[in-house]
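Me: I would like to go through this model with you. Could you take my questions one at a time?

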Amino acid sequence: MNITIVGSGYVGLVTGACLANLGHFVLCVDIDETKITQLRTGEIPFYEPGLNEVVQKSREKGRLTFTTDIKEGVLFGNIIFNCVGTPSMNNGSADLSYVFSVAESVAEFSQGYKLLINKSTVPPGTAQKCFEIIHTKNPNSQVEIVSNPEFLKEGAAVHDFTHPDKIVVGAKTDKAFALVRKVYTGRVRTYIPVLETSWETAEMIKYANNSFLSTKISFINEIANICDVLGADVKVVSQAMGMDYRISPKFLNAGIGYGGSCFPKDVRALVATAASCGYNASLLKRVDVLNTNQKSLLLTKALKRFGSLSGKIFSVWGISFKPKTSDVREAASLVLIQGLIDAGAVVNVYDPVAMDEAKSIFGNSITYCTSLEESVKDSSAIFLVTEWDEFRNVNFAELGKQMKEKVLIDGRNIYEPVLVKEEGFEYVGIGRR
Ligand SMILES: NC(=O)c1ccc[n+]([C@@H]2O[C@H](COP(=O)([O-])OP(=O)(O)OC[C@H]3O[C@@H](n4cnc5c(N)ncnc54)[C@H](O)[C@@H]3O)[C@@H](O)[C@H]2O)c1
């Protein structure tokens, strides 16, 4: 099939490259000329494990091409995936202007029967609005709208595309459902459920999914904060909770809050969507507030330990919002680093892949290091922010020799306090000592 992807970011590029790998001919469109120029020369604009191989393979076979021309894109695909961003607006609601502008272009340029598939995360009611945009602009349009939210995780996106837990499709006609199944032939296997439902339900499933995971994280973070004041160990508490099959151990690691381009904005968007219909989503509002507070926790702990931070050197390990990605959107590291700068501290940072992203935010106000060893020189504390594998097994006794004061503030509870202390460090964890 000929498939067009509009929006060639994390979701669009992974979807496009993986669909090309399934044998489809895919044209990826983006308004960002730099991104398209990079992609045309085989350069991937962000770090995502395994993506480079899939992109190169599909390019070599001539099944994956790139353009900035939306008209060309709309004319090319019988199937058009809408994968543009839906960022938060100031009031928390999703900015749908990019999604609607794609619908406008499809109304303007499309000829004949096509599916416009919304893969971006959008509030319930958005497919209906896209339908209205298209049919107001072009009453004879034969374009059908489909909602097909994406559940891939950055850092495991290629694997998640090929091994999804579920495929959710919202549509109005049997033909649309059948075409989506055809698009995903090769991805759909007997053990992967395809849920076929209405537009609004498909759209709501994505928000419910992300809001639940965010709630689970804020829940265990609240338990951790209570453990902190009571002297209990949240790691053991969450391990025991996870043994209850009704709870499951996933997303029960206490830490310094969730970040990324999805959870924070999706929780806020669902709260705002509910409010626009007169419902006060009080639980989800608290989930968001708890998460915002949790991102300042490392700074609070440092102020408690050191008093003034002014003039001291601190080493921050990890900038990306989670391991295996270069994405720093809404990362907890940004709150910590800005707080340290504001408190007059000198900040050394190290991340295996997200240094360029940090430079574009903090410029010359912090020091960018090429190794953990370099980052700890003369420092008063290490802040572990992102739990990259390479941070898990470090020789603290050796690193400590270069430090002014040996304090480890473990924002993800990845170290064994007893061993770290044996290596001469003071250990500060989240809900454990
Ligand atoms: N990143 C994830 O892990 C993830 C997972 C599931 C769902 N989602 C959802 O998918 C959507 C996209 O997320 P993302 O992380 O890929 O965003 P992104 O910012 O990485 O990519 C969006 C791309 O769309 C392009 N764009 C914007 N307007 C355009 C237009 N009119 N025409 C062509 N291109 C346009 C931008 O230049 C950008 O490259 C969001 O709604 C997000 O919530 C993201």
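Me: In which sense do β13 and strand β14 pair, and over how many bridges?

Reply: β13 and β14 (residues 426-428) pair in the parallel sense over 3 bridges. Two strands count as paired if DSSP finds at least two bridges between them; strands (E, at least two residues) and helices (H or I, at least four) are DSSP runs, numbered from the N terminus. This is a predicted model, in which local features need pLDDT of at least 70 and side-chain atom pairs count only at pLDDT 80 or more, while totals for chains, interfaces and linings use all residues. Residues are numbered from 1 along each chain as its sequence is written, and side-chain values use heavy atoms, with hydrogens and water left out.

Me: Which residue in β14 stands opposite Val 407?

Reply: Glu 426 stands opposite Val 407.

Me: What do β13, helix α18 and β14 make?

Reply: With helix α18 (residues 417-422) between them in the list, β13 and β14 make a right-handed β-α-β unit. Right-handed means that, with the strands pointing away from the viewer, the path from the first strand over the helix to the second runs clockwise.

Me: Which way do the residues of β13 point, and are they buried or exposed?

Reply: Val 407 and Ile 409 point one way, Leu 408 and Asp 410 the other, and all are buried. Buried means under 20% relative accessible area, exposed over 50%, and partly exposed in between (1.4 Å probe, protein chains only).

Me: What about strand β12: how does it pair with β13?

Reply: β12 (residues 381-384) also runs parallel to β13, over 3 bridges. Ile 382 stands opposite Leu 408 there.

Me: What is the strand order of the open sheet?

Reply: The 6 strands follow the order β11-β10-β9-β12-β13-β14, with parallel pairing. β11 (367-368) and β14 stand at the edges with a single partner strand each, so one side of each is left without a neighbour in the sheet.
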